[in-house]
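Please read the points in order, with the sequence and the model open beside them.

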Amino acid sequence: MSTCVNTRKYEVLKERSDVAVLVHDFGDGTGESTGDGELHAKFSITLSGTCEIETGKAAERHRQIHLESNPSYAQFIVGNDIAILAIYVKSARICDINDNVSHWKVQK
């Protein structure tokens, strides 16, 4: 992930490394839809773990991978004022469209 260094988010991440990241799986467009045609996610996943602000070769390697995966968003990835963040996932809470919840943890 990446973020601007002149944000409150960046300042908080410098002080606290515990994070939760919410991810929605919008799938291939065949998910449930509402009466007004909006598509609902099949899954909503909360990833819990730690965040590290990367520097040096690791940051540049991950910046390049991020840019290759998201070439239309270079303005959010490349620049001296853009930090590269590494998220180390420890657990996940996975909720499907029917509100069935499952839990996952890293095996030690």
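1. Helices (H or I, at least four residues) and strands (E, at least two) are taken here as DSSP runs, numbered from the N terminus. On that basis the protein chain holds two helices and five strands, and its pattern along the sequence reads β-α-β-β-α-β-β.

2. The model is a predicted one, in which local features need pLDDT of at least 70 and side-chain atom pairs count only at pLDDT 80 or more, while totals for chains, interfaces and linings use all residues. Residues are numbered from 1 along each chain as its sequence is written, and side-chain values use heavy atoms, with hydrogens and water left out.

3. For the chain as a whole, the accessible surface is about 7,900 Å², and 51% of this belongs to carbon and sulfur atoms; such areas come from the Shrake-Rupley method with a 1.4 Å probe, and for residues only the protein chains shown count as cover. Of the 108 residues, 19% count as buried, where buried means under 20% relative accessible area, exposed means over 50%, and partly exposed lies in between (1.4 Å probe, protein chains only). Taking a contact as heavy atoms within 4.5 Å, residues 24 or more positions apart account for 59% of the contacts with a separation of 6 or more.

4. Ser2 deserves a careful look in strand E1, which covers residues 2–4. Ser2 counts as buried because its relative accessible area is 16%. Its side chain reaches the backbone oxygen of Phe76 at 2.7 Å, and a polar contact of 3.4 Å joins it to the side chain of His66. A polar contact here is a pair of N or O atoms within 3.5 Å; within protein, one must be able to donate a hydrogen and the other to accept it, and residues adjacent in sequence count only if both atoms are side-chain atoms. Leaving aside residues up to four places away in sequence, Ser2 touches His66, Phe76, Ile77, Ile82, Ala83 and Ile84.

5. The ring centres of Tyr73 and Phe76 are 6.4 Å apart and the planes meet at 35°, so the pair is tilted. Rings of Phe, Tyr and Trp (its six-membered ring) pair if their centres lie within 6.5 Å, with planes under 30 degrees apart called stacked, over 60 edge-to-face and the rest tilted. Tyr73 is partly exposed, at 46% relative accessible area, and Phe76 is partly exposed, at 46%.

6. Which residues form a nonpolar patch on the surface? They are Val89, Trp104 and Val106, with about 240 Å² of accessible area together. Val89 lies in strand E4, residues 82–96, and is partly exposed at 31%, while Trp104 is found in strand E5, residues 101–105, and is partly exposed at 41%.

7. Beyond residues up to four places away in sequence, Val89 touches Leu47, Ser48, Gly49, Trp104 and Val106. Val89 and Cys51, 38 residues apart in sequence, have C-alpha atoms 8.8 Å apart in space.

8. Finally, Asp99 lies in the loop between E4 and E5 and is exposed, with 58% relative accessibility. Its phi is near 65°, a positive value in a residue other than glycine.

Conventions: Patch = residues over 30% accessible without salt bridge, like charges linked within 9 Å, V, L, I, M, F, W, Y side chains within 5 Å. Salt bridge = Lys/Arg side-chain N within 4 Å of Asp/Glu carboxyl O.
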